[in-house]
Amino acid sequence: MKLLLAAAFLCSCFAAAPASSQSKVEAALTREAQSKKVVRVLVVTRPDPHATNGGTPFASAQSYLSGILGGSAKNVTAIGSLPVVSAEVDASALEKLNNDPNVALVTRDTPQPLALMDSVPFIGGSAAHSDGYDGHGYAVAVLDTGVQYDHPALAGSISAEACFSTPSSNQYKLKSLCPGGHDVSLVAGAARGCPSAIPGCEHGTHVAGIIAGHNMKFEGKTFEGVAPKATLVVVQVFTQFLDQDECGGSAPCILSFTSDQLRALEWLYKQIDRFNIAAINMSLGSGYFDAPCDRTSALTEIIERLKSKGVATVVAAGNSHYFDAVAEPACISSTISVAAENKAGDIDVEYSNRSNLVHFVAPGTRIVSSVPGGGYTALSGTSMAAPHVAAAFAAFRSKYPSLTVREIENKLVGAGHPIEDPTTGAKFTSLSLREGSMQRPATVPAATAAPEKPSGLSNSAAADGSYIVRTDKSQGDVKSSISEACQDKICEVKQINRNEYKVDIVPKSGSTTGLPIPAPNAQELERILGGPNSNVRAFENRKASPF
């Protein structure tokens, strides 16, 4: 269908245009190219059978344009199987394209937001709402940075607020974001303490709007969240950090301790019946896990208990563009982990983590939703994808109140459609609320595994420590540099991204006699690998950030 529509579009728009009678390049592009080194464009090709250098069908529009443009074009990229290519070009390339009879049109490659007004219809939400899949009678709990309580999009939706935040530490400079600086608050206003001036504090309001926003207005359109009749239990779980090192050089910042998440989840477990909670959304996390972390995460038990009571814990997979891993707590097998797709309906491999631990893929790129101040803006990330799925659980719960989490997951899988990771071939389920639209068994398959990786320590094993190290050193140099510091430890180094490694430090078998030699911590790893003035950075593989 997409190809037919594309063909019809190309024919109707370009068939009557003479190949060389007028400029095929937007005038604004030509002017912009004179003042800038490059401009980003879309080039539509159409072989001209009457041209001396045309008429032969292209095996690849990408190859053809790369050949004629040479060094005057960069990042020449095919747009699927369409006769369209995106590229970054200079003024000389624009002139070549304008004069080429096999080029039909050159236009600006304009970034466009995938707003909820697009993503909710995309997953079948608009039609599902009219059929009663709207979350009525159920709540979604949002563990995040809190919300703007009086945002018009959330009016009447918030049924409760809570805060769990750390007020003091001997290790970190920090302050609680709960009212009065306490470590817990359950009073009105409990989830409103994240200062708007700190980057990330808009996160919770944005997530809440995706789930249950209503009467939202943007660019002249009115739209709703995925489950607009659901209520929200808003739980603030972040702490304000004041240390430059912890904040990556820009303090203050917000991070969430696992302990605060655990306290919040246990409180929610006790409130399931009170608020009729269908799902919990956790758009946060950290680390690299290519195997389940059930045995090492402190959150496993409470998430399993919530699941046994019919509550799905939906977690963002993470934004480190790992092709074979997710963050914690998405690595817990009893969560519903979510990767992100873009406007074209493809997995957004530019940032989204994905692995065989992912349950669903949902819209996450350029999602417009509510933000503090009463307005709306576009954000991207698996943070935006996860609430689509959490809200979907509430929407289906409102139709099927007696089903288990697993049974609702089965129904969502049955409604969804297959989506493939273009980099690994791994297959996942793209979220849809169009129940019965797919003629295939409604069972929950494990995602197709990504290519096999070298065996070694358990990926979640970190008895003494697990760290993410960023350095331009090679894997061999990293291993060599830290080997002496390990002594009675095993220090396993695994490359997980360009210039990024996971270092797991565990005791050697039989090395328990006498006093153990301390394992290197993050600061020691930075010193060992580069010294005080290097660009080496090491991070604990445990702290959670908003995605």
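UniProt positions here follow the numbering used in this entry, feature names are shortened, and annotations may be inferred rather than shown by experiment.

**Ground rules.** I'm looking at a predicted model, where local features need pLDDT of at least 70, side-chain atom pairs count only at pLDDT 80 or more, and totals for chains, interfaces and linings use all residues. Residues are numbered from 1 along each chain as its sequence is written, and side-chain values use heavy atoms, with hydrogens and water left out.

**Whole chain.** I started with the overview and found 14 helices and 28 strands. These are DSSP runs numbered from the N terminus: helices are H or I with at least four residues, strands are E with at least two. Of the 547 residues, 52% are buried (under 20% relative accessible area; exposed is over 50%, partly exposed is in between; 1.4 Å probe, protein chains only).

Next I looked up the record: the unreviewed UniProt entry puts "active site" at Asp144, His203 and Ser383. They gather at one spot, because no two of their C-alpha atoms are more than 10.0 Å apart even though they span 240 residues in sequence.

**Asp144.** I found Asp144 in strand S5, residues 139-144. Is Asp144 buried or exposed? At 1% relative accessibility, Asp144 counts as buried. I then listed what Asp144 touches, leaving out residues up to four places away in sequence: His203, Gly204, Val207, Val235, Gln236, Val237, Phe238 and Ser283. Contact means heavy atoms within 4.5 Å. The Asp144 side chain also reaches the backbone nitrogen of Gly204 at 3.2 Å.

**Ser383.** I traced Ser383 to helix H11, residues 382-399. Ser383 is buried, with a relative accessible area of 0%. Which side chain does the side chain of Ser383 make a polar contact with? I get His203, at 2.7 Å. A polar contact is a pair of N or O atoms within 3.5 Å; within protein, one must be able to donate a hydrogen and the other to accept it, and residues adjacent in sequence count only if both atoms are side-chain atoms.

**Cores.** Then I checked the nonpolar cores, meaning sets of buried Ala, Val, Leu, Ile, Met, Phe, Trp, Tyr and Cys residues joined through side-chain atoms within 4.5 Å. The largest has 51 residues, and Val389 and Phe393 are among those with the most contacts inside it. H11 gives this core its largest share, 11 residues. A second, separate core has 46 residues, including Phe238 and Trp267.
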